[in-house]
Amino acid sequence: MNVVEALVAHHATLRQLYRQAETNPSKFDTFIQHLVVHHTMEEKYFYDLLQEFDEAEHDALEAVNEHHIIEMIIKDAEGFPRDHRNFPIKIEGLGEYTVHHLDEEEEEIFPLASQLFDAADLDTLGGLFEKAKDQLLGVSLPELPKALAAKFPGLYANAEAAQPQTRPRVSDTALGLGIGGLK
Ligand SMILES: [Fe+2]
Ligand SMILES: [Fe+2]
């Protein structure tokens, strides 16, 4: 998966998490964690390089500046009482600005980047983005000993090949992570 495909796929996750947070404010933290991780990785593996192209410098800087603005909206929302009846308005404001940002990236910036980067570089950056995202949002669980796994054939069709399970637990990760380049 190249970096543009990887970013678009994570955008779909962000839109879904926003929709969930709109009707269930308890999902707000998950939405924020994905959003912060997305911006951090997007800047490190995409915008830091894209801004080196003259044709893309302005758009890249503008997008990173929008990350700054989103970070300020996040801080404002995080300081608002969760049980206040107006908290959903804070989620809506953050979500609407974020979706606008995602749309602009997909419609204007990603097509330009796809022309400017070599295909091999897009693939390399996509691999790095995916690996870093998985490390920040997922927790690798230790593998069951084969002898124990073999006692539960219903769970492990092939106990000899019992693999470590990876289960997203965003509540345990990415805490305290700042948005890259925004400090
Ligand atoms: Fe972005
Ligand atoms: Fe993005």
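Tutor: Gladly, and let's begin with a definition: two residues are in contact if their C-beta atoms, placed from the backbone, lie within 7 Å. By that rule, Val3 touches Tyr45, Phe46, Leu122, Leu125, Gly126 and Phe129, leaving out residues up to four places away in sequence. A word on the source: this is a predicted model, in which local features need pLDDT of at least 70 and side-chain atom pairs count only at pLDDT 80 or more, while totals for chains, interfaces and linings use all residues. Residues are numbered from 1 along each chain as its sequence is written, with chains lettered from A and ligands numbered from 1 in the order in which they are written.

Student: Which elements does the protein chain have, and in what order do they run?

Tutor: Helices (H or I, at least four residues) and strands (E, at least two) are DSSP runs, numbered from the N terminus. The protein chain has 6 helices and 2 strands, in the order α-α-α-α-α-β-α-β.

Student: What makes Ile69 buried, exposed or partly exposed?

Tutor: A residue is buried if 20 or more other C-beta atoms lie within 10 Å of its own, exposed if 12 or fewer, and partly exposed in between, with C-beta atoms placed from the backbone. Ile69, found in helix H3, has 13 C-beta neighbours inside 10 Å, so Ile69 counts as partly exposed. Ile69 and Tyr97 are 28 residues apart in sequence, with 9.1 Å from C-alpha to C-alpha.

Student: And which class does Glu22 fall in?

Tutor: Glu22, in helix H1, is partly exposed because it has 15 other C-beta atoms within 10 Å. Beyond its neighbours within four places in sequence, Glu22 is in contact with Pro88, Ile91, Glu92 and Gly95. Of the 183 residues of the protein chain, 28% count as buried.

Student: What makes a set of residues a nonpolar core?

Tutor: Such a core is a set of buried Ala, Val, Leu, Ile, Met, Phe, Trp, Tyr and Cys residues joined through C-beta atoms within 7 Å. The largest one here has 31 residues, of which Val3, Phe46 and Phe129 touch the most other members. H2 gives the most to this core, with 10 residues.

Student: How do you know how H2 and H3 are oriented to each other?

Tutor: Axes are lines fitted to C-alpha atoms, for helices over the stretch in contact, and angles run from 0 to 180 degrees between N-to-C directions. Angles under 35 degrees count as roughly parallel, over 145 as roughly antiparallel, 65 to 115 as roughly perpendicular and the rest as oblique. Helix H2 (residues 28-50) and helix H3 (residues 57-78) pack at about 160°, their axes 11 Å apart. H2 and H3 are therefore roughly antiparallel to each other. Ile32, His39, Glu43, Tyr47 and Leu50 in H2 meet Ala60, Ala63, Val64, His67 and Ile74 in H3.

Student: What about H3 and H4: why are they called roughly antiparallel?

Tutor: Their axes come within 10 Å and cross at roughly 165°. That value is on the antiparallel side of the cut-off, so H3 is roughly antiparallel to H4. Among the residues that meet there are Ile70 and Ile73 in H3, and Leu94 and Tyr97 in H4.
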